[in-house]
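Colleague: I'm new to this one. Can you walk me through it, with your terms spelled out?

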Amino acid sequence: MLNKIILIGRLVKEPELRYTPNGAAVARFTLAVDRPFANRQGERETDFIDIVVWQKQAEVCAQYLGKGRLVAVEGRLQIRSYDDSQGIRRKAAEVVAEQVRFLDRPREGQAAAGAGGHDFGLADSGYSEVNFSEDDIPF
């Protein structure tokens with residue numbers, strides 16, 4: 001069986017970083033992803049997809065990402081159920097990120113990753129670390 005999601009989009013707002021009672025970092029953000037076709041009015045619609053990132057990668061995303069940043073997210077779809085404050089059973093769909101790739105440079109005034117590259121917390125998820133410098137990015 002296969003559960004694989006790949007998205008490219010822009011962050012709607014700053015990531016929210018929290019820690020579980022066991023000390024595990026978890027970051028949440030919403031990704032705006034344009035649909036590849038126009039509606040009847042000739043406008044492109046956008047989907048707003050909730051993303052969850054864990055461990056070191058969550059801390060890196062919270063530190064270096066901000067509203068409007070372009071990222072690629074690779075992960076899996078997760079559907080969970082919960083009871084809201086009125087006791088009504090709800091469902092939530094979210095993508096649990098296995099890998100987050102930064103696709104643009106930070107704007108003026110935003111934090112930037114060091115020129116020597118950065119460990120994005122991928123070693124714990126089975127992915128190997130990729131080192132790069134800002135000069136390697138073609139835009």
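Modeller: Pairing first: two strands pair if DSSP finds at least two bridges between them. Strands (E, at least two residues) and helices (H or I, at least four) are DSSP runs, numbered from the N terminus. This is a predicted model: local features need pLDDT of at least 70, side-chain atom pairs count only at pLDDT 80 or more, and totals for chains, interfaces and linings use all residues. Residues are numbered from 1 along each chain as its sequence is written, and side-chain values use heavy atoms, with hydrogens and water left out.

Colleague: OK. How do β5 and β6 pair?

Modeller: They are antiparallel, with 13 bridges. Arg-80 sits opposite Ala-92 of β6. The two strands make a hairpin with five residues between them. In its turn, Gly-87 has a positive phi of about 80 degrees.

Colleague: And β4 with β6, parallel or antiparallel?

Modeller: Parallel, joined by two bridges. Val-52 has Val-96 in β6 as its bridge partner.

Colleague: Back up a bit. What order do the elements come in?

Modeller: From the N terminus, β-β-β-β-α-β-β.

Colleague: Which residues of α1 are buried?

Modeller: Gln-57, Ala-58, Val-60, Cys-61 and Tyr-64. Buried means under 20% relative accessible area, with a 1.4 Å probe and protein chains only.

Colleague: What covers them?

Modeller: The cover includes β2 (16-19), β3, β4 and β6.

Colleague: Switching to the largest nonpolar core. How many residues has it?

Modeller: It has 20 residues. A nonpolar core is a set of buried Ala, Val, Leu, Ile, Met, Phe, Trp, Tyr and Cys residues joined through side-chain atoms within 4.5 Å. Among those with the most contacts inside this core are Leu-31, Ile-51, Val-73 and Phe-102.

Colleague: Which element gives the most to this core?

Modeller: β3, with five residues. At least two residues each come from β1 (5-11), β3 (25-38), β4 (44-54), α1 (55-64), β5 (70-83) and β6 (89-102).

Colleague: Now the whole chain. What share is buried?

Modeller: 33% of the 139 residues.

Notes. Buried means under 20% relative accessible area, exposed over 50%, partly exposed in between (1.4 Å probe, protein chains only). Contact means heavy atoms within 4.5 Å.
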